[in-house]
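This briefing is written for a reader new to the structure displayed below. Please keep the sequence and the model in view while reading the grouped points.

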Amino acid sequence: MEGGVHEFDGSTFKECFSLSWRNPYVLRLAFSAGIGGLLFGYDTGVISGALLYIRDDFASVDRQTWLQEMIVSMAVAGAIIGAAIGGWATDRFGRRASILAADFLFFAGAAVMASAMGPAQLVVGRVFVGLGVGMASMTAPLYISEASPARIRGALVSTNGFLITGGQFLAYLINLAFTKAPGTWRWMLGVAAVPAVVQFGLMLFLPESPRWLYRKGRAEEAEAILRRIYSAAEVEREIAELKESVAAEARERGSSEKLSAATLLRTATVRRALVAGVGLQVFQQLVGINTVMYYSPTIVQLAGFASNQTALALSLVTSGLNALGSVVSIYFIDRTGRKKLLIISLVGVILSLGVLTAVFHETASHSPAVSAADTGHFNSSLICPAYSAATTGGGFWDCTRCLKAKSTACGFCASGAGNKLLPGACLASGNDTARDACHGEGRLWYTRGCPSRYGWLALVGLALYIIFFSPGMGTVPWIVNSEIYPLRYRGVCGGVAATANWVSNLAVAQSFLSLTQAIGTSWTFLIFGGLSVAALAFVLVCVPETKGLPIEEVEKMLERRELRLRFWAPRTGDADGAGKESGKRGGGG
């Protein structure tokens, strides 16, 4: 039922800003709540750069991959709990109160991390931040969705996605700005307290979601807010649809507020919505996006760029493209439709992951050789013990084998002959002495990846991945989850879907570095490519189109929904239905 209610004669993107210009109150609601998205993006993006310098300050973090993964993924673990609590809290206490609670958690987490004296305190601060991220991830888009006119709802919810990616881009800028400052990572992590305070102040002066108020029996308050959001011609229709939705809920469950998993799964409408919503959130993570956002500088180093500053600067490009993709999503989401955007996005993601798989395979199989003569001119105490033991029995060593030495941590000192692809030295990397000796000769020091002539192709692959992911899989799952559930179940189902997102996120974040060590970077990206193919099949079969439908009419669409593999073809009678609806609603926008 694609666009069965609203016809799009012009750009919905332009209409969004035109309406917001005429009624700035709508834009104020959307952007104030959307600061939660900015915090979400900042706190998930900042750790990628901060981790490079945390490794330098804490030797235990540098030596142990699992500890790096824990610092990254504990925010995700906190987000799982935050999303679950958020689903309950938004229904019990309201959307606005949940956003205020998330701001407090963001502030507390930033303060704890900025003052951390060791890895344990960092982990605690990351858990606090994660709780805030989890609550914001499902509450902010829900608040925006319920306070937006139907015809521009997708575009306004997309502003939350834009602010998420904008927050990630800001995180990379802040990371780059503080690379030379005393305390580096403390500033990077502590800055997150500022937007949390700003949003807390703004939300104190904004109203609760009108739909939540109506459901709680506060009809007069809800209607007053709706009259500020909708035009006089539209507001009576919106109030009537809300009354119908609440009345249907009352008929179904009376005054009972108890919900159970069995109730959700027995209700066909809710079950179909959950399959689509939860599936999209899970696949959003399983296609690998947060390996790029959490570990982007590390991936750049794996591609053959040694310097921390260079890795951060190049990662800024991918983060900027991610923010740009969100702007593209705002333009196309109500024009092209949710499902088509998802399919285009996933096809591009699959091709991009194929490029990354091929590039990292070539990088690993054509790395520079280790030169016995070059290694031997360093002090014997600096030479990698595994290399010394292996060369007594013969065998060929290259940079890849040097970095994967199991007995001790080793690094590769690139050739000093002006060409980093020539044979270099394999040295111990357990302390800074070998690194300093390598740098003292004006040579590059590698511990993550090897010098490669294909490094620039890896950057191209990452850029293509972000360009395709961001407008579709980056924003559409959140939009679909904000509009697909019946009113009575919206908070709970949104919490279930957001929790599923964060559980999947945790699995990816906690395993990526270990996977690259165990099976190699190319095989890791190949796995993500296979999961992307599965995601494409899921979207084709299980995800309905909700473009332009008022929230209450999404329920009716799910009740009669049939399997449609020919997603590009209009449904029989869609044009007639849209025309009739337009006649009823004075054009319907």
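The side chains of arginine 443 and aspartate 374 meet in a salt bridge, with 2.4 Å from N to O; a salt bridge is a side-chain nitrogen of Lys or Arg within 4 Å of a carboxyl oxygen of Asp or Glu. The model is predicted, so local features need pLDDT of at least 70 and side-chain atom pairs count only at pLDDT 80 or more, while totals for chains, interfaces and linings use all residues. Residues are numbered from 1 along each chain as its sequence is written, and side-chain values use heavy atoms, with hydrogens and water left out.

- Arginine 443 lies in the loop between helix 21 (432-440) and strand 3, whereas aspartate 374 belongs to helix 18 (residues 372-376), so the pair ties together parts that are 69 residues apart in sequence.
- Helices (H or I, at least four residues) and strands (E, at least two) are DSSP runs, numbered from the N terminus.
- Arginine 443 is buried, with a relative accessible area of 6%, and aspartate 374 is buried at 15%.
- Buried means under 20% relative accessible area, exposed means over 50%, and partly exposed lies in between (1.4 Å probe, protein chains only).
- Not counting residues up to four places away in sequence, aspartate 374 touches Ser415, Pro423, Gly424, Ala425 and Arg443; contact means heavy atoms within 4.5 Å.

**Other salt bridges**

- The count of salt bridges comes to eight.
- Arginine 227 and glutamate 236 are joined through their side chains at 3.1 Å, N to O.
- The side chains of arginine 435 and aspartate 436 form a salt bridge of 3.7 Å, N to O.
- Arginine 435 counts as partly exposed at 26% relative accessibility, as does aspartate 436 with a relative accessible area of 44%.
- A network of salt bridges links Asp91, Arg95, Glu146 and Arg215.

- Three strands make up an open sheet in the order 2-1-3, with antiparallel pairing; two strands pair if DSSP finds at least two bridges between them.
- The edge strands are strand 2 (425-428) and strand 3 (445-446), each of which pairs on one side only.
- Strand 1 (residues 410-413) is joined to strand 2 by four bridges, and the two run antiparallel.
- Cysteine 410 has alanine 428, in strand 2, as its bridge partner.
- In general, the strands of a sheet pair through backbone hydrogen bonds, either parallel or antiparallel.

**Aromatic rings**

- Ten aromatic pairs are found in a search of the whole structure.
- Rings of Phe, Tyr and Trp (its six-membered ring) pair if their centres lie within 6.5 Å; planes under 30 degrees apart count as stacked, over 60 as edge-to-face and the rest as tilted.
- Tyrosine 465 and phenylalanine 469 have ring centres 5.9 Å apart and planes at 5°, so the pair is stacked.
- These two residues, tyrosine 465 and phenylalanine 469, are four residues apart in helix 22 (residues 455-469), a separation of about one helical turn.
- Tyrosine 465 and phenylalanine 469 are both buried.
- For phenylalanine 512 and phenylalanine 525, the ring centres are 6.2 Å apart and the planes stand at 65°, so the pair is edge-to-face.
- Phenylalanine 512 in helix 24 (residues 490-519) and phenylalanine 525 in helix 25 (residues 521-542) are 13 residues apart, and the pair links distant parts of the chain.
- Phenylalanine 512 is buried, with a relative accessible area of 0%, and phenylalanine 525 is buried with 2%.
- Phe360, Phe512, Phe525 and Phe528 form one aromatic cluster.
- The charged end of lysine 420 sits over the ring of phenylalanine 305, 5.7 Å from its centre; this requires NZ of Lys or CZ of Arg to be within 6 Å of the ring centre and within 35 degrees of the ring normal.

- The buried residues of helix 11 are Ala222, Glu223, Ile225, Leu226 and Ile229.
- Seen down the axis of helix 11, these buried residues fall within an arc of 165°, so they line one face of the helix; the arc is that of the directions from the helix axis to the C-beta atoms.
- Serine 231 is found in the loop between helix 11 (219-229) and helix 12 (232-253).
- Serine 231 is partly exposed, with a relative accessible area of 36%.
- Although serine 231 and proline 149 are 82 residues apart along the chain, their C-alpha atoms are separated by 9.4 Å.
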